[in-house]
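Subject: The structure I promised you

Hi,

Here is the structure we talked about. Have a look at it first, then read on for what turned up in it.

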Amino acid sequence: MAEPVYAKRMEDYENAAALEAAVEELFCALPASGRIAGKKVLIKPNLLAKRTPAQAVTTHPAVLAAVLKAVKRRQPASVVVADSAGGLATAGIMKGIYEATGTAGTCREAGVPCWPGGETGERRGNGKIARTFTLIQPVLEAEFIIDLAKFKTHMMTGMTGAVKNLFGCIPGLQKAEWHTRCPDKGPFGEMLIDLLQAVHPDMALVDAVTAMEGDGPNGGRPRPFGLLLAGEDLPGIDLALCGLIGLDPMRVPYLLAAQKRGLCAERFDPALWRGDAPYTPVEDFLLPSSYLGDEGSAGNTDFAQKLPAPLRGLARRAEGLISPHPVIDQKACIGCGRCKEICPQHTIAWHVTKKGGRPKEDPKPRKVARVVAKGCIRCFCCHEVCPVQAIEVRRLALFKKL
């Protein structure tokens, strides 16, 4: 049964007292928060990469600080903050991410540890795609899980909110293995719902004070959005977010999977919206380029259906040619290798530039990455982890006009 989605208006992160009051009000609205006392609590933020809070890639530390105060006010047995970033997630890499995102400083001030990475374990379930998940140890040890997500667009799934944030419960490069096992959007969405049911978070809050639009979840641009959302029905929260940005929820693979299993409706019912912010869709929110027609906001990734009916079957068979695909800008590439290490299909290769060749500006040969189109499954993991946003998404010119 669909449950309410609670929202609080919050224009920025500057007023700590107002932010703390808003988060406390959201906690009070959720029956689950009454179960925190005496429990081992895990707070799972979105810490995708080593980015500053202003870049809107990760959960803002001011929101985390308010959540920590709300949790500690309810006297848990213990609290830990944990995530596993995209790509390689060693203790050293995670330490750098915790520091750069402001998470480490916030946790030090609250006297709460950040999980350093390391131990993992298995959890068995009864999923449609996945019967067993390897998860980071804090997930396995927690008695109460708070999903503290960041609202962003996403090149593969259209958007990332409460449900997709749980992908960070899978350690490091094992995320790439799941892209290999589920290369198409449909099975990948089913896997995310299997993961939701395996992790079974008790409640979720979404930082949408500043969201990300465009080519998220790493390469988009910050967009003031002015909301904090909370609820116990994670697909329901994401349905609400889709409605706010004009994205058809049934184009989001994990929401389609949830709807087929009877876990959510096809559209958000505004009657379920609670709080001091009206449920008013944003007209000009920029979706990822992989979800656009020309300027469109329909969230349509099925380019074949834009063609005349006689051509649709042929177009679907040629999907690999007409779909958006990642291309590495060799002028911008710094040769760090993060895209190559996370690519689930191993379709990224090293290429040594030549002086006077491509790119012509290179004063001397250097090593850069290049996507080998054959075998690319368009998961956009490379785009997600690139630290300098050197990976762009391209489509055939013909399909930009359809």
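For Cys 381 the nearest one is the sulfur of Cys 379, at 3.4 Å, and Cys 381 is in no disulfide either. Both residues are buried (under 20% relative accessible area; exposed is over 50%, and partly exposed is in between, using a 1.4 Å probe and protein chains only): Cys 242 has 0% relative accessibility and Cys 381 has 4%.

Before going further, some housekeeping. This is a predicted model, so local features need pLDDT of at least 70 and side-chain atom pairs count only at pLDDT 80 or more, while totals for chains, interfaces and linings use all residues. Residues are numbered from 1 along each chain as its sequence is written, and side-chain values use heavy atoms, with hydrogens and water left out.

**The overall picture**

The chain has 14 helices and 14 strands. These are DSSP runs numbered from the N terminus, with helices (H or I) of at least four residues and strands (E) of at least two. Of its 402 residues, 56% count as buried. Among contacts (heavy atoms within 4.5 Å) with a separation of 6 or more, 72% are between residues 24 or more positions apart.

**Helices that pack together**

A quick note on the geometry: axes are lines fitted to C-alpha atoms, for helices over the stretch in contact, and angles run from 0 to 180 degrees between N-to-C directions. Angles under 35 degrees count as roughly parallel, over 145 as roughly antiparallel, 65 to 115 as roughly perpendicular, and the rest as oblique.

Start with H1 (residues 16–29) and H2 (residues 61–72), whose axes are 9 Å apart at an angle of about 50°. That is why H1 and H2 count as oblique to each other. On the H1 side, the residues in contact are Leu 19, Glu 20, Val 23, Glu 24 and Phe 27, and they meet H2 residues including Ala 62, Val 63 and Ala 66. By class, this contact has nine nonpolar, no polar and three charged residues. Here Ala, Val, Leu, Ile, Met, Phe, Trp, Tyr, Cys and Pro count as nonpolar, Asp, Glu, Lys and Arg as charged, and the others, Gly among them, as polar.

H2 also packs against H4 (residues 103–110), at an angle of about 25° and with the axes 9 Å apart. H2 is therefore roughly parallel to H4. Their crossing is right-handed. Pro 61, Leu 64, Ala 65, Leu 68 and Lys 72 of H2 make this contact with Thr 103, Thr 106, Cys 107 and Ala 110 of H4. The classes here are six nonpolar, two polar and one charged.

Further along, the axes of H8 (residues 234–245) and H9 (residues 253–260) come within 11 Å and cross at roughly 125°, and H8 and H9 are therefore oblique. This crossing is left-handed. You'll meet Cys 242 again here: with Pro 235, Asp 238 and Leu 239 of H8, Cys 242 meets Tyr 254, Leu 255 and Ala 258 of H9. The contact has six nonpolar residues, no polar ones and one charged.

Which residues are joined by a cis peptide bond? Gly 216 and Pro 217, with omega at about 15°. Pro 217 is in the loop between strands S8 (203–213) and S9 (221–231).

Ala 56 is not a glycine, yet has a positive phi of about 60°. Ala 56 lies in the loop between strand S2 (40–45) and H2, and is buried at 0% relative accessible area. Phe 380 also has a positive phi, near 65°. Phe 380 sits in the loop between strand S13 (367–371) and helix H13 (381–385) and is buried too, at 5%.

**One last pair**

Find Arg 394 in strand S14 (residues 391–394). Arg 394 is partly exposed, at 40% relative accessible area. Arg 394 and Pro 324 are 70 residues apart in sequence, but 5.4 Å apart in space, C-alpha to C-alpha.

Happy exploring!

Methods: Disulfide = S-S within 2.5 Å. Left-handed = near helix turned anticlockwise from the far one by under 90°.
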